[in-house]
Amino acid sequence: MTHARQHPIQVVAHRGASEAAPEHTLAAYRKAIEDGADALECDVRLTADGHLVCVHDRRVNRTSNGRGAVSALELADLAALDFGAGRTRAFWRSRDEEPDWEVRPEDPEDTSVLTLERLLELVADAGRRVELAIETKHPTRWAGQVEERLLVLLKRFGLDAPASADQSPVRVMSFSARSLHRVRAASPTLPTVYLMQFVSPRLRDGRLPAGVRIAGPSLRILRSHPGYVERLKQAGHQVHVWTVNEPEDVDLCVELGVDAIITNRPRAVLRRLGR
Ligand code: G3P
Ligand code: CA
């Protein structure tokens, strides 16, 4: 059974348009906005000196020309690195090739470490509504500091306390229910997304941790748990699925009544959706 959606299916650019340009760079997010993405996804981590930066891995080794853990580096250390030199250096080296990005950034800022603050500025200047899905990465290590900094930053942009969750252009995602709980305790109207790589037995009936409105199952869950999206929707939840890149998987999401598709290829997904 397909559930009627209240809104058109939303296309969310995962780490920016991360197949066209290096992930989590200004270049990738600009491209996603140009491509027409409805929302941008980013992962946030705290630097040693307390700045929130958009980096997926614990270390910068894969995505830059540097080495080390984000949590052990200061913002100035990260600013000296080139995040356009990544993807993956190992990936390209194994092929004895240069990266073949569709977007070839020339301005060093476009591939410099991206702070969440700079990403919020980009969204504010987009000239149209672009939503932001911010994922807290391993927040438990920081005992609440990630969420605290995040809310301070959102407040600066007037985004920390939306009138209602439905109107909020920002949502916070996490695999950690505790992290989402902290966010809601500080800002009850900020929507939260519970990310799932697996479905724990106690949530199989479509329930989510208390207070969470949106489920974020992996694409694999859709295939391994037929009927799960249906149960989530019957329980009144929205469903945002990651990471959906292939046309047949887009079709599956449409068929199941998914509310948002998180993808590395926003332009291709929009096209598949006839937009
Ligand atoms: O959007 C959710 C998805 O990004 C979670 O997985 O590893 O890409 O952060 P990951
Ligand atoms: Ca993520």
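Visitor: Buried or exposed, what's His-24?
Guide: His-24 is buried, with 28 other C-beta atoms within 10 Å; a residue is called buried if 20 or more other C-beta atoms lie within 10 Å of its own, exposed if 12 or fewer, and partly exposed in between, with C-beta atoms placed from the backbone. This is a predicted model, in which local features need pLDDT of at least 70 and side-chain atom pairs count only at pLDDT 80 or more, while totals for chains, interfaces and linings use all residues. Residues are numbered from 1 along each chain as its sequence is written, and chains are lettered from A and ligands numbered from 1 in the order in which they are written.

Visitor: And where does His-24 lie?
Guide: His-24 lies in the loop between S1 and H1, where helices (H or I, at least four residues) and strands (E, at least two) are DSSP runs numbered from the N terminus. The backbone of His-24 has a positive phi of about 60°, although the residue is not a glycine.

Visitor: What about Arg-15, which loop is that in?
Guide: Arg-15 is also found in the loop between S1 and H1, and it has a positive phi of about 60° without being a glycine. Arg-15 counts as buried because it has 26 C-beta neighbours inside 10 Å.

Visitor: On to H1 then, how many of its residues are buried?
Guide: Seven of the 10 residues of H1 are buried, so this helix is largely enclosed by the rest of the structure. The buried ones are Leu-26, Ala-27, Ala-28, Tyr-29, Lys-31, Ala-32 and Ile-33. Just after H1, Gly-36 takes a positive phi of about 100°.

Visitor: What covers the buried residues of H1?
Guide: The cover includes strand S1 (10-14), S2, H4 and helix H10 (266-272), judged by contacts, in which the C-beta atoms of two residues, placed from the backbone, lie within 7 Å.

Visitor: H4 came up there; which of its residues are buried?
Guide: In helix H4 (residues 116-124), the buried residues are Leu-116, Leu-119 and Val-123. Seen down the helix axis, they fall within an arc of 60°, so they line one face of H4; the arc is that of the directions from the helix axis to the C-beta atoms. An α-helix has 3.6 residues a turn, so residues three or four places apart point the same way.

Visitor: And what do the buried residues of H4 pack against?
Guide: They pack against H1, strand S2 (39-46), strand S3 (52-54), strand S4 (131-136) and helix H5 (145-156).

Visitor: How many residues are in the largest nonpolar core?
Guide: It has 69 residues, and those with the most contacts inside it are Leu-40, Val-53, Val-241 and Ile-261. The largest share of this core, six residues, comes from helix H1 (residues 26-35). A nonpolar core here is a set of buried Ala, Val, Leu, Ile, Met, Phe, Trp, Tyr and Cys residues joined through C-beta atoms within 7 Å.

Visitor: What does Ile-261 touch?
Guide: Leaving aside residues up to four places away in sequence, Ile-261 touches Ile-9, Val-11, Val-12, Val-241, Val-244, Val-250, Cys-253 and Val-269.

Visitor: What kind of peptide bond joins Trp-242 and Thr-243?
Guide: A cis peptide bond joins them, with omega about -25°. Thr-243 is placed in the loop between strand S8 (238-241) and helix H9 (247-256).
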